[in-house]
Amino acid sequence: MENVVVKIENLVKKYKELTALDHLNLEIKEGEVFGLLGPNGSGKTTTISCLLSLLSFDEGSVEVFGKEMTPVNYEAKKQIGIIMQNVAVFEELTVYENIDYFCGLYIKDKALKKQYVEEAIEFVGLGDFKKFHPKKLSGGLLRRLNIACGIAHKPKLIILDEPTVAVDPQSRNKILEGIVELNKQGATIIYTSHYMEEVEQICTRIAIMDKGKKIAEGTTDQLKRMIKNTETIEIEVKEISDEIISEAGKLPHVYEALHNDGKLIIRCSGGKHNLIRVLDLLQNNNVNFGRVYSELPTLNDVFLEITGTALRDSE
Amino acid sequence: MQVLNVFFKVLKKKFPSALAYIIVFFSIAIAMANMGGTTESFEDTRVTLSVIDRDKTETSKAFVDYISKNNKVVSIEDDERAITDSIYNEVVSYVVVINEGYESKISTGETEGLFSNYKSPKSSKGVFIDGKIDLYTKTLSAYILNGNTTDEAVKKTSETLGDEVEVKLESFKKDKSSEFSESFAFYFQYLPYGILSVLITALSPVLLTLNKKEIKDRTNCSCIKFSSQTAQMILGSFIFAIVLWAVFAFAGVMMNDGALSERHLLAVLNSFVFALISLAIALIVSNLAKTQESVGMLANIVGLGMSFLCGVFVPQSLLGEGVLNVARILPAYWYVRANDMLAGINNDVYSIGNFMKFLGIEIAFAVVLFVVAIVISRMKKRAY
Ligand SMILES: Nc1ncnc2c1ncn2[C@@H]1O[C@H](COP(=O)(O)OP(=O)(O)OP(=O)(O)O)[C@@H](O)[C@H]1O
Ligand SMILES: [Mg+2]
């Protein structure tokens, strides 16, 4: 299980003056669902393109299945399935013909190909749409077709670049479940997204990217432990004096307290009973309050703390 | 052969957009075949014409002699109304009016504005008179500019052209046996427009689809070799171009009673080389066009533009010198010239050697265009 499937070392990619990838290092092991999380323009697609030898790069090296990846490394290509960010299907062909074409680029045996195509259609749930042309499919179904085209040949390494962009929640869940299923069947997955919930939901390990750099890496838990924020408490409070706010800021484990938009926001690092202490303070001072929320940190908080901007800002 | 297979599947979807061109092409070809009359052939160069000499000098008289030779001359009144009437009533099909000042102009070597001619729109034979006049004045002015007096120049011109005209007429007469009918000549003259338009509108969108970045990326990620991918696309393009040409050429021959003399075969060969040129142009277009819509636009610009300039629609003999000089840098010009020579309707004397010369120029164009297509696609590949 510890075989390294992809090894990216010191990858530098420049588009004229813009450095899209800045000394990027990644190591993806067999059996992982590896998440590449980053806001728009952080370099996810560029990473994938370099990894697949679709793009040349300025420095560094890429190894796939233990061999240097080149445009002619057909041994590696045979075992890779890609689902790119932009839907890549023929408008002119039907659902079936599309999957058949892309599968046929890998599988020569006719009977086997037919079986694989049918299985892929079954897998993404497009059985009723075999004769449809892509134009007639909804956004979600089109994305599923796009995925089917990439996985029909049963690759060992599946790379998905934001496969759920502009997809309704139902299709999105179906897609995410499918990815987990493919992983269970033995495929290693690389999954890029700027939706942290998705990445948190399915990925076993995550690298967070910003401006072409990897800024953090680990499991969800590891990432969250990296930051001091472990709990954010929000309480609806109409009126509160500055003194009480500053008193709240002095409570144990609290490192930030502020009143904003009718809400008292308290950020805590570690510790227990934080919420109870805050509520006690409010009650003792006769402060009226409404609803209370307590949130554990998200990957967004991780991103926020490291970069100073929210992951979602750019959406 | 996965790529070749999908090539034809996509082609099947794109082909209907080219149908409009095919329909237009064949309607015109059929109309021409019915109009052209089958017995009349281009070799018959005698034209019924009138000459009105407003200059009335020795020089202009020499011209009248020249132009009257081998044509049936009818005299009519020098009156605007009388001239147009006689053309309209088909009394004559060409009226040559020598403008006053002809002698003084030509003595300086000037060849513009010497005539105000009228011709019947119904007769295609006017082009012979145009050609003859052009040839005469060009030769005459060349002698004058070379230091001859006007009288000497007129004499030398008559001698030179007198012989040449005889020779030409000889060869025209001999051609009668070739039965190169007007409609056959026209069909093949018009063919570049058909082949070029259909190839661009049907083939370029297919290549555009196959080369779309997303699809190309996905294909490039698979285990199919890049060279095999390209080879299959080129093979598909060739098959399509050749089938298309074969259909057009076959239809052309059939519409003319299946006549296949040496000249007919050469005309067919000529069209084959032009089909290859069209293929190269379609390849270039598919490399340059960014969207399917721009393909349609380019098809019109290239197809119509080149056809107009090179004498596909309008006989070359009716096009101005300036236009023809530009047209020389376009392959269709040489195609039409070869075709006209086979039909015996231009000043080129028919011989296999001459034909091969024109065909050679066309082949050179084809080679250059294919190289350009390859270079552009290489450049595009490197660009990202
Ligand atoms: N072909 C290109 N030419 C120039 N700059 C490019 C090109 N492709 C991408 N970039 C730039 O490189 C940076 C990284 O782009 P990339 O597409 O890899 O980001 P991404 O993380 O995939 O973003 P998104 O979430 O929008 O897909 C961006 O600033 C982008 O503008
Ligand atoms: Mg991207």
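What follows is a short exchange about the ligand sites of a predicted model.

Modeller: Residues are numbered from 1 along each chain, and chains are lettered from A and ligands numbered from 1 as written. In this predicted model, local features need pLDDT of at least 70, side-chain atom pairs count only at pLDDT 80 or more, and totals for chains, interfaces and linings use all residues, while side-chain values use heavy atoms, without hydrogens and water.

Colleague: What makes Thr45(A) a polar contact of ligand 1?

Modeller: A polar contact is a pair of N or O atoms within 3.5 Å. A polar side-chain atom of Thr45(A) lies 2.6 Å from an oxygen atom of ligand 1, so the pair counts.

Colleague: Which residues coordinate the magnesium ion?

Modeller: Thr45(A), through OG1, and Gln85(A), through OE1, at 1.8 to 2.1 Å. Donors are N, O and S atoms within 2.8 Å of the metal (3.2 Å for Na, K and Ca), so both qualify. Water is not among the atoms, so the site may look incomplete.

Colleague: Why is Thr45(A) called partly exposed?

Modeller: Its relative accessibility is 29%. Buried means under 20%, exposed over 50%, and partly exposed in between (1.4 Å probe, protein chains only). So Thr45(A) is partly exposed. Gln85(A), at 26%, is partly exposed as well.

How values were computed:
Polar contact = N/O pair within 3.5 Å; in protein donor to acceptor, adjacent residues only side chain to side chain.
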